[in-house]
Amino acid sequence: DGGLVEMVPAGLARRLGADIVIGVDVSGPLPRRPPATVLHIMVAVSTLQPGGPQRLAEDADLVLAPGVDEYAFWELSRMPEFEEAGRVAAEQALPLIRALIAAAAARRDWERLTAGEAS
């Protein structure tokens, strides 16, 4: 939703039926570089939503936090660094992601099995 209601709509993903929800939190501290435009200021203010990180932790099965704190999030010229930080965070989490996938598959199998017994 662009951060107007939730920075990362993990709860919405869950309500829409996602078996596994992985959130990516790139909020970190406020950027070291001051915002240069009104848009930058609006984006910076949107990261100050109260309870955002806690809500994400409650709604997601896993929250990745790529190391992007040294950059201002409006520095789109840094997209390669953002992508690399995301790739590194995801690769580090692969064992847990695989375990979440296996657990979700086992849960679906169990639900099918027990639904068959109930009928």
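This is a predicted model: local features need pLDDT of at least 70, side-chain atom pairs count only at pLDDT 80 or more; totals for chains, interfaces and linings use all residues.
## Confidence first

## Overall layout

The protein chain has four helices and two strands. Reading from the N terminus, the order is α-β-α-α-β-α. There are 119 residues, and 24% of them are buried.

As for how the chain meets itself, take the contacts with a separation of 6 or more: 74% of them involve residues 24 or more positions apart.

## The nonpolar core

The largest nonpolar core is a set of six residues: Leu62, Leu64, Ala89, Ala93, Ile97 and Leu100. Two elements give two or more residues to this core, namely strand 2 (62–64) and helix 4 (79–118). Helix 4 gives the most, with four residues.

Leu62 is a handy place to look around. Setting aside neighbours within four places in sequence, Leu62 is in contact with Val21, Ile22, Gly23, Ala93, Leu96, Ile97 and Leu100.

## Two residues worth a click

Phe82 belongs to helix 4. Its relative accessible area is 18%, so Phe82 counts as buried. The C-alpha of Phe82 is 9.2 Å from that of Val26, although the two residues are 56 apart in sequence.

Arg15 is found in helix 1, which spans residues 10–15. Is Arg15 buried or exposed? With 62% relative accessibility, Arg15 counts as exposed. Between Arg15 and Asp59, which are 44 residues apart along the chain, the C-alpha separation is 9.8 Å.

## Salt bridges across the sequence

The structure holds six salt bridges. One of them pairs Arg14 with Asp61, with the closest N and O atoms 2.9 Å apart. Arg14 lies in helix 1 and Asp61 in the loop between helix 3 (52–59) and strand 2, so this pair ties together parts that are 47 residues apart in sequence. Both ends are partly exposed: Arg14 has a relative accessible area of 30%, and Asp61 has 35%.

Another salt bridge brings together the side chains of Arg108 and Asp19, at 2.6 Å from N to O. This pair also links distant parts of the chain, with Arg108 in helix 4 and Asp19 in the loop between helix 1 and strand 1 (22–24), 89 residues apart. Arg108 is partly exposed at 33% relative accessibility, and Asp19 is partly exposed at 37%.

How far apart are the closest N and O atoms in the salt bridge between Glu91 and Arg87? They are 2.7 Å apart. Glu91 and Arg87 are about one helical turn from each other because they sit four residues apart in helix 4. Glu91 is partly exposed at 45% relative accessibility, as is Arg87 at 37%. Glu84 comes into the picture as well: salt bridges that share partners join Glu84, Arg87 and Glu91 into one network.

Definitions and conventions: Residues are numbered from 1 along each chain as its sequence is written. Side-chain values use heavy atoms; hydrogens and water are left out. Buried means under 20% relative accessible area, exposed over 50%, partly exposed in between (1.4 Å probe, protein chains only). Contact means heavy atoms within 4.5 Å. A nonpolar core is a set of buried Ala, Val, Leu, Ile, Met, Phe, Trp, Tyr and Cys residues joined through side-chain atoms within 4.5 Å. A salt bridge is a side-chain nitrogen of Lys or Arg within 4 Å of a carboxyl oxygen of Asp or Glu.
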